[in-house]
Amino acid sequence: MAESWFPLYCISCKGVNYLKSLPGPNTSNSEKQQQQRQRFKAITGLASSLMGALIRPVWNLASGQMTGYNLFVKTNMPAFDSEGQLVNYSEFHASVGSLPLPSELSVQDDTDVVSGIELSWNDESANGIGHADDKLHLLVIKGDQVQVVHPSAIRSDQTVEVTLPVAPGEIQVYAFFGDDEGSQYSTDQYGSVTLT
């Protein structure tokens with residue numbers, strides 16, 4: 001029986017060297033493998049589109065020896081179905097980190113403003129939970145539109161009204177906070193809202 005040999009090469013990631021072999025020919029193409037490729041293609045496409053706005057500033061901080069891109073893909077793969085559609089919104093995460101998220105964080109439709117939402121939360125920074133000047137950030141998903149929004153709101157405000165650059169209808173909102181220096185972020189709070 002003939003043996004297959006594949007050339008090795010070395011790559012370095014975050015100061016760690018890895019020995020890799022070049023992939024050999026892959027002739028398998030089962031339905032399950034096709035579905036996994038669809039999921040992977042969808043999540044990596046989303047990750048690529050969010051590199052500058054979300055992955056580099058947020059996910060790279062928490063990635064350890066893994067890249068922020070790979071951590072985002074690994075974390076969010078379960079939110080995608082076998083056809084590559086983002087369907088499990090509650091399993092999706094826009095942010096990761098150790099900064100405390102405020103309690104009672106909620107998002108709802110602002111009925112007085114077209115495409116407006118209102119967010120509210122408790123400021124517990126006086127008790128050492130986060131910092132009063134932590135900034136609010138949002139990831140908004142509507143259909144195949146994905147946008148990162150940075151409202152002019154900080155933790156001590158406890159409430160903010162935001163007009164979103166999307167048409168009325170159902171949206172998915174992921175709210176999270178980052179410190180003033182952009183060196184630390186919280187996990188996110190998910191909410192589904194129907195905009196009027």
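Which helices do the buried residues of helix 3 pack against? They pack against helix 1 and helix 2. The model is predicted.

**Helix 3**
- Helix 3 spans residues 68-76.
- Its buried residues are Gly 68, Leu 71, Phe 72, Val 73 and Asn 76.

**Helix 1 against helix 3**
- Helix 1 covers residues 31-49, and its axis comes within 10 Å of the helix 3 axis.
- The two axes cross at roughly 135°.
- Angles over 145 degrees count as roughly antiparallel, and 65 to 115 as roughly perpendicular; helix 1 and helix 3 are therefore oblique to each other.
- The crossing is right-handed.
- Helix 1 brings Phe 40, Ile 43, Thr 44, Leu 46, Ala 47 and Ser 48 to the contact.
- Helix 3 answers with Tyr 69, Phe 72, Val 73 and Asn 76.
- By class, the contact residues are seven nonpolar, three polar and no charged.

**Nonpolar cores**
- The largest nonpolar core holds 22 residues.
- Leu 54, Trp 59, Phe 72, Phe 92 and Leu 139 have the most contacts inside this core.
- At least two residues of the core come from each of helix 1, helix 2 (51-55), helix 3, strand 5 (135-142) and strand 8 (169-178).
- Another core, of 20 residues, lies apart from the largest one. Its members include Leu 105, Leu 136, Val 140 and Val 160.

**Phe 92**
- Neighbours within four places in sequence are left aside here.
- Phe 92 is in contact with Leu 46, Phe 72, Asn 76, Ala 79 and Leu 86, among others.
- Its contacts also include Leu 139, Ile 141, Tyr 174 and Asp 188.

Key:
Residues are numbered from 1 along each chain as its sequence is written. This is a predicted model: local features need pLDDT of at least 70, side-chain atom pairs count only at pLDDT 80 or more; totals for chains, interfaces and linings use all residues. Side-chain values use heavy atoms; hydrogens and water are left out. Axes are lines fitted to C-alpha atoms, for helices over the stretch in contact, and angles run from 0 to 180 degrees between N-to-C directions. Helices (H or I, at least four residues) and strands (E, at least two) are DSSP runs, numbered from the N terminus. Angles under 35 degrees count as roughly parallel, over 145 as roughly antiparallel, 65 to 115 as roughly perpendicular and the rest as oblique. A crossing is left-handed if the near helix is turned anticlockwise from the far one by less than a right angle, and right-handed if clockwise. Contact means heavy atoms within 4.5 Å. Ala, Val, Leu, Ile, Met, Phe, Trp, Tyr, Cys and Pro count as nonpolar, Asp, Glu, Lys and Arg as charged, and the others, Gly among them, as polar. A nonpolar core is a set of buried Ala, Val, Leu, Ile, Met, Phe, Trp, Tyr and Cys residues joined through side-chain atoms within 4.5 Å. Buried means under 20% relative accessible area, exposed over 50%, partly exposed in between (1.4 Å probe, protein chains only).
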